[in-house]
Amino acid sequence: MEEEIQKIPENTRPTLLLQCCCAPCSSYVLSVLAQYFDVLVYYYNPNIHPESEYKKRGEQFKKLFQGGNYETKVRWIPAEYDPERFFDAVKGLESEPEGGARCTKCFGLRLRETARKAKELGADYFTTTLSVSPHKNAQLLNEIGIQLEKEYGVKFLRADFKKKEGYKQSIVLSREYDLYRQDYCGCVFSMRPEEKEALSAPSE
């Protein structure tokens, strides 16, 4: 990432479409990228379940934008919530362990849509916040992004945002901005049994 940033001509700010998984993970990533890019925040996550959780996570970006003072450098790009697209993509992989083939499919789905949207918007780059998590394989994410760069003709910014204590810094910033931090990645298949039971229990 540093090498690519050094190539940016002086006094110019390329546009970058950033697939954001959640506000906490985005906090550190935005603090880095907003120094060099005009960032378009794309909260595209059809994997998040249920819809109430999806909305709850999305609402946290308001706090992040206010706390981070990104108004002049960051712009929100609406994304459709389409969980059926995720279920179709991972069909047959429901029992895969976390970090396995199901996750690879999920990464590909979200990054492909981000690449497509970046081309539609005329963005110079696209990338994702996902690599800030210690549970996400940055090498795999970058490999997927590079392939999509070839398909869509938009540069993928290769990164591993967990480096330089990026994840730890995201925790500090999340506390500072009072952001809700979820305890599962988002998809129903990663929820603990007791969480699934609570979700399916009838309301009183």
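Start by selecting strands β1 (residues 15-19) and β4 (residues 125-128): four bridges join the two, and they run parallel. Helices (H or I, at least four residues) and strands (E, at least two) are DSSP runs, numbered from the N terminus. Two strands pair if DSSP finds at least two bridges between them. Zoom in on Gln19; its bridge partner in β4 is Thr128.

This is a predicted model: local features need pLDDT of at least 70, side-chain atom pairs count only at pLDDT 80 or more, and totals for chains, interfaces and linings use all residues. Residues are numbered from 1 along each chain as its sequence is written, and side-chain values use heavy atoms, with hydrogens and water left out.

Stay on β1. Four of its five residues are buried (under 20% relative accessible area, 1.4 Å probe, protein chains only; exposed is over 50%, partly exposed in between). From β1, the chain crosses through helix α2 (residues 23-33) to β2, a right-handed β-α-β crossover (with the strands pointing away from the viewer, the path from the first strand over the helix to the second runs clockwise).

Next, select Leu33. Beyond its neighbours within four places in sequence, Leu33 is in contact (heavy atoms within 4.5 Å) with residues including Met1, Leu16 and Phe161.

Move to the loop between β2 and α3 (51-68), where Pro50 is found. The peptide bond from His49 to Pro50 is cis, with omega near -5°.

Finish at Asn11, in the loop between α1 (2-6) and β1. Asn11 is not a glycine, yet its phi is positive, about 65°. Asn11 is exposed, with a relative accessible area of 78%.
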